[in-house]
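Q: I'm new to this one, so could you walk me through it?
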Amino acid sequence: MSFLNQDVPLTWYLLLSAVLFSLGVLGFLIKRNLITVFMSIELMLNAVNLSFVAFACQWHAVKGQIFVFFVMMVAAAEAAVGLAIIIAVFRSRGTLSIDRINLMKL
Amino acid sequence: MNSNLNLWLVPLLPFAGFLLNGILGSRLPKWLVTVIGILAPLASFLVVLNAVAATMLFAAKTCPTCGSVVHPVEFPYVETFSHPWISLGSLHVDFSLVLDQLSLVMLLVVTGVGFLIHIYSVGYMGHEEGYARYFSFLNLFLFFMTVLVLAGNFLLMFVGWEGVGLASYLLIGFFFSKDSAAAAGKKAFIVNRIGDFGFLIGIFLLLGNFGTLTFTEIAAKLSTTNPINLVVLNGALSINPGTSSLPTVGVLTAICLCLLVGAAGKSAQLPLYIWLPDAMEGPTPVSALIHAATMVTAGVYMIARTHVLFDHSPAALATVAVVGAATALFAATIGLVQNDIKRVLAYSTISQLGYMFLACGVAAYSAAIFHLVTHAFFKALLFLAAGSVIHALGGEQDLRKMGGLWRKLPVTFWTMTAAVLAIAGIFPFAGFFSKDAILYQAFIRGPEGQALWFVGLVTALLTSIYMFRLWYLAFLGKSRTPDAHPHESPKSMLFVLLILAALSICGGWIGIERFSAYLAPATGQLPAPAAPASPQLESILSIVAVVVALLGWFVADLLYRRKPEQTAKLVADLPGPYKLLTNKYYVDEIYGAVIVKPLFLISKYILGWVVDVALLGGVAWLLAGVANLSGAILQRWQSGNLRSYAAWLAAGAAAVLLFLLLHTMNFDFAIAVRH
């Protein structure tokens, strides 16, 4: 557990994680390009990962690290499927603007 | 030790016939439909005959071929299906079939006459549409009727009771494309439902007061008190406290009156008789089987079956007698002026059923059953002969358009003559013996009984008049439709007429003494006369009855043969009564105005408009409106804009976090305060 600097307290990691998560949320909300939105989601996931490993280090519990592996795995799968969908959407509609992809609207 | 009679076959064979013809009938060739339709009642009849043979054995006999010893079957013979039907707490109901003298006689009539009428139907219905449907319904009727007769408890009897009503409805409305037939079917069904309602209430009362529905158990509970003592000791309609486990006479009277309502509905007695004349819309063999010989006598059978209850309630018995006598006279007067041949016979059936109720009302149950049996013979014959006439005339039912048929239809004429003589009560035809027994039993019941006897005698006069009127108008005189070319019916129909004619002549020769002695274990002895009767009394009464019948014949002869112009004059002289009679005392109109019309108005305005349209419709409309409106508002939310969804998601998550935060702070605050 020595690779994480013990001099940096847990709070800082958590703060960084919260800032990254909020940036991810913000990007998800305000960006129009579908790929950017997608990257914002990845940012949120990794913010969560950061807090997981921080807690795992703090409590000397391996569960948090296992969760990180799960999240990374799901994120990889999501990236594969999500990018495929994005390519399909771009081919059929010729745009990636999220405001134009609104076929489900009533 | 009883041998097995396989009674369950009696109802189930016709049921199998019903299923086969009902499901496959339209695809089977006609001869196969006929074979199935005829074989089912024949097989039932044979099972019944086997039961007769088994019970008539007087001593144990050794079977000549197999060497085993055959014992006579003892009454009552009970067959119970091993699995109970209903087992609920203390209530226990079985599928049990009971054969005693009463049900055996009734079964012989139902399956025997039923079988004959099935044969007749082959000729009569041969050219009609729905041949297989007709036979399947007729078999269904036999199934339910035999269940009714064999039932060992009230509930199973009720199943048969409802079932024959259903079969009756289906067969009255057999020509369903005719409006009048469909309406008549509905009328019969609805009026019967009113009676069935009374029957059902009676069953509930029995269940509540006796805790069982089995005939034998109820009889056993009641047999601890002697009915005659009860009448003498309990003038105030109460029972002495020593037998407090039994229901009081008041309760018994209520039960009996409820049962009477049921019987009056099924047996077309006042005031529920109105369905029977309309039931003549059905095919004529149906009228003969269901609406003359068997189903309509179910009420009489039910009263005889439950006679132990009625014996305990003098008031109910008196009501039965009065209803019967009133119906007998009432229907006979209407029968005088009807012009439709089948309607004359329908009113005559109602009138004769009145006789049977009269006999039940004076506790002479075996006399009632005796009349039931002879009536089944001669009334079935009358209907079938009338059917033969209608068949010959191509559907003509109006007496005024007949006449002079006796040369053209000799077999029909002579068999009809036997039936007319039988119903008029002329010695030595069957009707004489049974009617005479009823009148005698009424006469020896003291002054009230003599009043009933007098009503019965007047009815006998009227019966004789209208039956000979029918006879003269249909068969004698000159043909009133010269262009008609009547032809005698096919042999299968005439054969049935001849058998029934023989039964109408000989059916009464067994005599009431032997008949009631045979029935006594099931229906009780004939009650002793109120005052000691002189030995000549019975002969004198018989002679009076025959003289009255001959008088009726004479009147009819005078009015319809010798001086036909006299009839028109009579009508002109008495316009009021004639109009009253031809309109059947306006009973249908009165019921229409008093019951049917208010019901329709309530249904249409209160139930239809207020309840259905305003209340139910309003609530449904309100609910739909609220759902629509909230949907219209909430659908704004579903903008389809992905970022707005994400914003709501984020806002929701923020709200949850905020809530948790505040909650934790409050919690901390509370802990701080407690410290």
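Q: How many residues does helix H1 of chain A have, and how far does it reach?
A: In this predicted model, helix H1 (residues 10–30) of chain A has 21 residues and reaches 30 Å from its first C-alpha to its last, close to the 30 Å expected at 1.5 Å a residue, where the expected span is 1.5 Å times one less than the number of residues and helices are DSSP runs (H or I, at least four residues) numbered from the N terminus.

Q: Which residues of H1(A) are buried?
A: They are A:Leu10, A:Tyr13, A:Ser17, A:Gly24, A:Gly27 and A:Phe28, with buried meaning under 20% relative accessible area and exposed over 50% (partly exposed in between; 1.4 Å probe, protein chains only). Seen down the axis of H1(A), they fall within an arc of 125° and so line one face of the helix, the arc being that of the directions from the helix axis to the C-beta atoms.

Q: And what is exposed on the other side of H1(A)?
A: A:Trp12, A:Leu15 and A:Ile30 are exposed there.

Q: What do the buried residues of H1(A) pack against?
A: They pack against helix H2 (34–59) of chain A together with helix H26 (642–674) of chain B, contact meaning heavy atoms within 4.5 Å.

Q: Switching to H16(B), where does it bend?
A: H16(B) bends by about 30° at B:His375, taken as the angle between axes fitted to the seven residues ending there and the seven starting there. H16(B) is also mostly covered, with 28 of its 28 residues buried.

Definitions and conventions. Residues numbered from 1 in each chain as written. Chains lettered and ligands numbered in written order. Predicted model: local features only at pLDDT ≥ 70, side-chain atom pairs only at ≥ 80, totals over all residues. Heavy atoms only, no water. Helix = DSSP H or I, 4+ residues; strand = E, 2+ residues; numbered from the N terminus.
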